[in-house]
Amino acid sequence: MAFSVLNCSSSILLRAYFVQEIWVLLQNYLSISRISSFMNEFTGLELSPKKIEYLKYIQEQKSTVKTTDISSQFKVDPSTITKTISELSSTGLIQHVPYRGISLTEQGRTYAEFLIRRHRILSLVLTRYGLSADEACVAVSKFEGYVPREVVDKMCTSLGHPTMGGCGKIQHDKSCCPVCD
Ligand SMILES: [Zn+2]
Ligand SMILES: [Zn+2]
């Protein structure tokens with residue numbers, strides 16, 4: 001009797017363990033396929049220059065940010081920031097938890113990594129045509145939002161996927177460089 005109870009409870013535990021394992025695998029699969037379908041979808045032309053700057057700023061902060069952080073960083077009225085942040089939330093790129101702050105979603109991080117790569121690749125190109133790193137940074141921020149991802153990937157490939165730009169490290173995503181880390 002005792003043996004069969006033990007047997008029964010351990011088989012329940014075992015089953016629970018497998019269900020949990022399968023659940024984790026499924027979640028991983030869903031998150032990978034969600035990200036890879038998102039990677040295939042975006043053109044890089046989705047956001048206004050202002051939203052691009054906010055997204056890059058949120059990405060560069062290591063913890064969640066507050067509306068007031070963004071408003072003081074960009075010297076913009078907090079009510080204007082609140083409106084822009086709620087528009088960004090509806091794109092699924094950021095999540096805004098009241099009283100806790102703003103952070104990037106998984107898709108938002110993927111997108112922000114692209115934004116940073118685009119900025120740095122374009123800056124690097126301009127430094128090869130006579131601009132200093134600082135001048136290139138400023139010049140690129142005025143037009144980067146109009147350069148499609150497809151174009152950035154081609155430029156990146158023709159430059160041999162450089163790892164260092166004028167204003168920081170360049171990371172390559174799998175769609176640009178399947179063999180890069
Ligand atoms: Zn820069
Ligand atoms: Zn690349």
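Colleague: What share of the contacts with a separation of 6 or more comes from residues 24 or more positions apart?

Modeller: This is a predicted model, and in it such residue pairs account for 60% of those contacts.

Colleague: OK, and how many helices and strands does the chain have?

Modeller: There are seven helices and four strands. Along the sequence they run α-α-α-α-β-β-α-α-α-β-β.

Colleague: What percentage of the residues count as buried?

Modeller: Of the 181 residues, 23% do.

Colleague: Which residues have the most contacts inside the largest nonpolar core?

Modeller: Leu 55, Ile 58, Leu 93, Ile 94, Tyr 111, Ala 112 and Leu 115, in a core of 18 residues. Helix H2 (49-60), helix H4 (78-90), strand S2 (101-104) and helix H5 (106-127) each supply at least two of its residues. H5 gives the largest share, five residues.

Colleague: Which residues does Leu 115 touch, leaving aside neighbours within four places in sequence?

Modeller: Leu 115 is in contact with Ile 52, Leu 55 and Lys 56. Another core, of 10 residues, lies apart from the largest one and includes Ile 121, Cys 137, Val 140 and Ile 170.

Colleague: Switching topic: is Leu 88 buried or exposed?

Modeller: Leu 88, in helix H4, is buried, because 21 other C-beta atoms lie within 10 Å and the cut-off for buried is 20 or more.

Colleague: And which residues is Leu 88 in contact with, sequence neighbours within four places aside?

Modeller: Lys 51, Tyr 54, Leu 93 and Ile 94. Leu 88 and Lys 51 are 37 residues apart in sequence, with 7.5 Å from C-alpha to C-alpha.

Conventions:
Residues numbered from 1 in each chain as written. Chains lettered and ligands numbered in written order. Predicted model: local features only at pLDDT ≥ 70, side-chain atom pairs only at ≥ 80, totals over all residues. Buried ≥ 20, exposed ≤ 12 C-beta atoms within 10 Å, placed from the backbone. Contact = placed C-beta atoms within 7 Å. Core = buried A, V, L, I, M, F, W, Y, C linked by C-beta atoms within 7 Å.
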